[in-house]
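I wanted to find my way around a structure I had not opened before. These are my notes from going through it.

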Amino acid sequence: MQDLPLLDALMRHYDELVDHVRRRFGDKNFAHEVVHEVYMHVVRTRPREQEGTPLALLKHISTCKAIDLQRAATSHSQWQESVGAVPDTNLHHSDGEEILRGKQLIDALEIVIDDLPPRCREVFLLHKLQDMSQDAVATQLGISRKMVVKHMERAMSAIRPVWSDAHAEIGDAAMRESLAAPLRPRFPAQETIVRGAAKRRAVRKIATMAAILLLSTGAAWLIDPAYDTRQITTAVGETSMLTMADGSRIQLNTDSELRIESRLFSRRMTLLRGEAGFDVAHTYRSFVVEANRTTVTDIGTVFDVRNEEDGARVSVQQGAVEVRSDSGQSQILAANQALRSTAGKLERLADPEPGQSGAWQRGKLYFNGTPLREAAADMQRYLAQPIVPADARTGDLRLSGEYDIKDIDDLLRVLPTILPVTVKRGASGVVISAIAGNAGNAGNVMSTVK
């Protein structure tokens, strides 16, 4: 069993895999048959584990195996649906490669649709595959028509690359007609989607009524329980991207640690150290980030939070946030604005230059006349070794430019060609020293190197 970790995972998650296939394809006996086939596949082929959890890989294999089994039983009828009714004489001359391309297109579209956020996927399925109007979709899912439009825009941006590949050979109207039929049975029926949405609305209504009742009885601390908590970290020099189930995206910078709590009425993040960027999907649940006695509440935005020794720094790329210190001070921060929270006080910073805010999310360090002591502190976050200016006049030198965070060693190597300094490496770290002949104008030296 030690040399077959997938088989061990399959035995431990057998019932979960059966339920995964049953929810997707609606037949428990068929689900058992699929998981048995997966078991035989793992024993026979001993597939190599891929990046990710064994359970995720087994679910993927189970889905593919179920699709293969369904195709084997209904391939002729599925193809008839995908190409429409054609005379028998033409069917005999169908090109095998064309048939294969059609099936591959259906499979590719299914994968893209399946990866959409749950609400976004429901909107797409009802509007595009079930031919429901946008107004009807809004009514059935209990959301605004504006949100339907936003979900459709997001879905189509994900689907369009695959969709466009077929445009050269299939007209838009013909493609809609030919692809909807084989895709439709691969996803829940209209009634199932609508029923699930109604159930969620009922749960939210009950939760809201329970919250009101608890508030009225003085038990307010119970109204927002956490149902899922996890912690993510990055090592020095490492960055990481996480997409939450609701579609929100979190990017963690070097040497950072973030605790994520999914609660009944909120999504709460605690930045324990380092820096994180947030691209928030709007839901009925609030999105709150806490970092070193500072609370950042999303109003609908893309923003960045850095945990600092004596507080936190917040910058906004899109939308707005409310920043509150533990002393009760609060400010609304809009796009292209930044502030620092220090010892309970909020201080507005100079508006970031274009390209500066969130530069690390593009893999860049951005400096614009930045004192070398601050630039060195930023560089050090991506290296295990300390980087230290030798004295105050070295720290006063100013650095400009945009540099790759994955190659700080190279930046240190070329730094003497940018500023009048020497760079020495030793067992205790990297020491940057100003060249004595330039000490007189050390505070005015600036170089812009991209």
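The entries below go from confidence to sheets, then to a hairpin and a pocket.

**Entry 1: confidence**

I started by reminding myself that this is a predicted model. I looked up the mean pLDDT of the protein chain and got 79. I also noted that 79% of the residues reach 70 or more.

Over residues 217-221 the pLDDT stays under 50, and I found 3 contacts beyond four places in sequence for them. Residues 439-450 also stay under 50, but here the model has 26 contacts beyond four places in sequence. Where pLDDT is low, the predicted coordinates should not be read in detail. I left both stretches alone after that.

**Entry 2: the sheet of 7 strands**

In what order do the 7 strands of the open sheet come? I read it off as β2-β3-β6-β9-β10-β13-β14, with antiparallel pairing. At the edges I found β2 (240-243) and β14 (345-348), each pairing on one side only. The twist from one strand to the next averages 20 degrees.

I then picked out β9 and β10, which are joined antiparallel by 7 bridges.

**Entry 3**

Next I turned to an open sheet of 3 strands, ordered β16-β19-β18, whose pairing is mixed. Why is one side of β16 and of β18 left without a neighbour in the sheet? Both β16 (387-389) and β18 (421-426) stand at the edges with a single partner strand each, so one side of each has no neighbour there. The average twist here is 20 degrees from one strand to the next.

I looked at β16 with β19 (residues 429-434) and found parallel pairing over 3 bridges. Ile387 has Val430 of β19 as its bridge partner.

Two helices go with this sheet. I saw α12 lying across β16, β18 and β19, at about 170 degrees to β16. Helix α14 (residues 408-418) packs on the sheet as well, touching β16, β18 and β19, and its direction makes about 135 degrees with that of β18.

I followed β11 (residues 320-325) to its partners. It runs antiparallel to β8 (residues 294-298), and 5 bridges join the two. Asp298 has Val321 in β11 as its bridge partner.

With β12 (residues 330-334), β11 again pairs in the antiparallel sense, over 5 bridges. Here I noted Glu322, whose bridge partner in β12 is Ile332. How many residues lie between β11 and β12 in their hairpin? I noted 4, and Gly328 in the turn has a positive phi of about 105 degrees.

**Entry 3: the second largest pocket**

Last, I looked up the second largest pocket, which holds about 1,200 Å³ of space. Its lining has 43 residues, and those nearest the centre are Arg306, Glu308, Arg313, Arg340 and Asp378. By class, I noted 16 nonpolar, 12 polar and 15 charged residues in the lining.

Which element gives the most to this lining? I found β15, with 8 residues. Elements that each supply at least two lining residues include β9 (302-308), β10 (311-318) and β13 (337-342) from the sheet in Entry 2. β15 (364-371) and α12 (372-380) are also among them. That brought me back to α12, the helix I had seen lying across β16, β18 and β19.

Definitions and conventions:
Residues numbered from 1 in each chain as written. Predicted model: local features only at pLDDT ≥ 70, side-chain atom pairs only at ≥ 80, totals over all residues. Heavy atoms only, no water. Pairing = 2+ DSSP bridges. pLDDT = per-residue confidence, 0-100. Contact = heavy atoms within 4.5 Å. 1 Å grid on protein atoms, 1.4 Å probe; cavity = no way out; pocket = protein on both sides within 12 Å on 5 of 7 lines; lining within 4 Å. Points joined across faces, edges and corners; volume = space filled by probe spheres on them. Nonpolar A, V, L, I, M, F, W, Y, C, P; charged D, E, K, R; others polar. Axes fitted to C-alpha atoms, helices over the stretch in contact; angles between N-to-C directions.
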